[in-house]
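Hello,

Here is the structure I said I would pass on. My notes follow below it.

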Amino acid sequence: MAWIILVIAGLFEIGWAIGLKYTQGFTRLWPTVGTVLAIIISLRLLALP
């Protein structure tokens, strides 16, 4: 189960890294919201015991 969580967290890491490109300096609302959510989800999954 831990490997599955790690892979999902990795996918969210990739998602927010790509999402940063579309935020255009955090000036576009929806790409910024998606990127911040991906960061939060990724960090939360990595913090699971």
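Helix H1 is followed by Gln24, whose phi is positive, near 50°. Helices here are DSSP runs of H or I with at least four residues, and strands are runs of E with at least two, numbered from the N terminus.

This is a predicted model: local features need pLDDT of at least 70, side-chain atom pairs count only at pLDDT 80 or more, and totals for chains, interfaces and linings use all residues. Residues are numbered from 1 along each chain as its sequence is written, and side-chain values use heavy atoms, with hydrogens and water left out.

The protein chain has two helices and zero strands. Its C-alpha atoms fill a box of roughly 35 × 15 × 10 Å along the principal axes.

Ala9, Gly19 and Thr23 are buried in H1 (under 20% relative accessible area; exposed is over 50%, partly exposed in between, with a 1.4 Å probe and protein chains only). Seen down the axis, the buried residues of H1 fall within an arc of 75°, taken from the directions from the axis to the C-beta atoms, so they line one face of the helix. The face turned away from that buried side carries the exposed residues Trp3, Leu11 and Lys21. Helix H2 (29-46) is included in what covers the buried residues of H1, where contact means heavy atoms within 4.5 Å.

Of the 49 residues in the protein chain, 16% count as buried.

Regards
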